Amino acid sequence: MFACLYVPDFSVQAALLPESADAREILWRSPIVILDGPANLLKVTALNDPARKIGLEAGMTKLQVETRGGVLLRKRSLENENSAQTELLECANFFSPRVESTCLGTAILDLAGTKKLFGSSQNTAQKLAWKARERGFLLHIAIAANPDAAMFAARGFPGITVIPPGEEARHLAGLSVAMLPVTPEMLETLDGWGIRTFKALAALPEVPLTERLGQASLHLQRLARGQIDRVLKPVELASKFIESFEFDDPVETLESLTFVLNRLLEQLCDRLLSHSLATNNLRLTLELEVRQRQNENKGEEYKQEWKLPVPTQERKVLFTLVRLDLERNAFSAPIKKVTIEVLPMKPRLAQGNLFAPPSPEAERLEITLARIRGVVGSVDANGLSCAGSPGIVDTHNPISFSVQPFSSVADISNSVAAPGPVIALRVFRPTLETSVELTGETPHFVRLWKKHYRVLAASGPWCSSGEWWNSGAWARQEWDVALKTRTGVGYYRIYEDRIKQQWFVEGIFD
Amino acid sequence: MDTAQLRAQIRTQIRTQIEEKFPAAFTLYRREDRGVIPTGITPIDSTAQGVPLHGLTEICGSSLNSSGKTSVLISLLARASQDRCCALVDASDSFHPQTGQAAGINLSRLLWVRCGKSKVKLRPLEQAFKVADILLQSGGFGLIAVDLSNLGERTVRKVPLSTWFRFSRVIEKQSSALVFIEQEPHATSCAQLVLRVQAEPRAFSRKLLTGFDLKVEVVRAGEKKPVCSERSGFALQTQWA
């Protein structure tokens, strides 16, 4: 058996999909039209039943619609429709792995072997309708022995239709021949003969019909009889996990944006969950509405990527990461399109270890780090991260260091015995420029914070240099000095930059 | 009935009346003693038993003179990072990773937050306190150290007591230690341990700085009041000594 899911007024439903369930319910009851075409000649391409009831129809211009008043106008977005189609296929995929994307708003699935899981055809159809409603679709569902019969029944009859095998012709009898893939010329001929329904076409003798209208008419007749048994063309759904949404009017507020983002992430996480996958890589692209573009073909974009240490399926974690990032940024123009992509991977299967040291939860840690970055900033002037694990750079330059991403799951087993307490150097970043009075080659007075301090003892000079082969060349002459202060003694490290011929205070031994 | 008896009687009456409405009003609040993190410096560990978990600790010392407060912190981080994740909120970005590695800090288990390095409107002190707050809320860190010692003494003194009190109550419910490095103690009774570190002048050995002689004073430990401070001396050596 095959089930067909048909979304009536697909463009309208796709436009309402990002709304909340309550808002969608209210909007669906009010007249809505979808406009498409050039900006100066927008025409109605789709509308819902309340709009039809007040006399609107496809092909009307925007001006004609506006004269009616009280009609909600939405611009057609192919992105939204594709996203809605993916959502529909995902919904169907819950019930069968073999799903065909017949066209926008129509999906056919093979129900072979699912009886034990979902029960009778009627039960399956009800479960499909319930699942689709959960995702925001109002569907026509039909179940029949072949895909085409199911498709015509779904398009022709509202609600749930179950056609027992062998009764296709009887059930489809009342449908109009205009629903068949018939050319306008052939439709005119059939109309001239008084053939307007599937029943009338099915009753015609095959040979005379073929003689008059060709081989194609025989195919149409068999479709009308529900006798065509074709092979389903299943789609592969798990290839890309991308969701996007294009706003009718570009948005400026974070609330409007996060509302849509939440919905898109929910869809993506549902899809990941249904495929038993998780993600550790999230990419966000925001297309900005830039009115004066230098290059007409290329608008301004904001791109951000998050790499998580562990894969996750939790929408809240991903949403909080995105929200915290957006709160930190101010955009130069309103946002007109949002695209989110997640790279799927297998979820982490790790059992909690009773003997593992206490560490922050990997998922929560990312949110904590994002919050910290919101307070201290992401990177400093040198491009080094403001929050992470300190790292040692493979160089002899004593002031160089790196900041690695901090992870609570990495290197937990690697413990090294502490060698024992040592005197720490507390560095000044950036190093303090200073002037030094020398006696011979030894520092005698050091200026520090606008005061001169006498050098009680000095150890040095310790010369080092490196990277003379490139632009980052450095050469220094270090001294460890004991400075007599008003309240005691301070042990400082000073050095002379031999390239700049300038003295600096690197830090204090503390 | 003399005056003292009368006073005692009135006090008992008032106490009885208040205790009915507020049972905890006259209960002495005592912190539970629930483990410590050793600093790795024997004199400190023998006098103060290490840095208390579930408590706020202050390590104080001069910023102009060498006091040894950073060496104590580094030694503490080295011990703590062996078996737990640690965080260092560096208000003046003064941590030296090479020294940390030499002291034995497991750098991959240390979250280093460098305040005041980017174009953020908040001042380093505000950043440091906000980050400490976030880390406390997050949980999972065995040791959270906040280094405020390079910030001006006047600035840190302006931190309201309610902030220290809040920190001490939050850390109490967590299996972590919260350590502040400052020039002077500010948390008053909110701190469970206050250490004051001071370096003694020492001549260079063969024209080489080989180490300090340090004195540590336990200004406050557990229920002890400042008058009960204890002093002990010890020596620390440089990496190359």
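Trainee: What length does helix H14 of chain A reach from its first C-alpha to its last?

Mentor: This is a predicted model, in which local features need pLDDT of at least 70, side-chain atom pairs count only at pLDDT 80 or more, and totals for chains, interfaces and linings use all residues. Residues are numbered from 1 along each chain as its sequence is written, and chains are lettered from A and ligands numbered from 1 in the order in which they are written. Helices (H or I, at least four residues) and strands (E, at least two) are DSSP runs, numbered from the N terminus. With 21 residues (254–274), H14(A) comes close to the 30 Å expected at 1.5 Å a residue, the expectation being 1.5 Å times one less than the number of residues; the span reached is 30 Å.

Trainee: Which residue takes a positive phi just after H14(A)?

Mentor: The helix itself covers residues 254–274. Just beyond, a phi of about 55 degrees is taken by Ser276(A).

Trainee: Which strands stand at the edges of the open sheet of 7 strands in chain A?

Mentor: Two strands pair if DSSP finds at least two bridges between them. The order is S15-S21-S20-S19-S18-S17-S16, with antiparallel pairing. One side of each edge strand is left without a neighbour in the sheet because each has a single partner strand; these are S15 (425–434) and S16 (436–439) of chain A.

Trainee: Which residue in S21(A) is the bridge partner of Tyr491(A)?

Mentor: Strands S20 (489–497) and S21 (502–509) of chain A pair in the antiparallel sense over 7 bridges. In S21(A), the partner of Tyr491(A) is Phe509(A).
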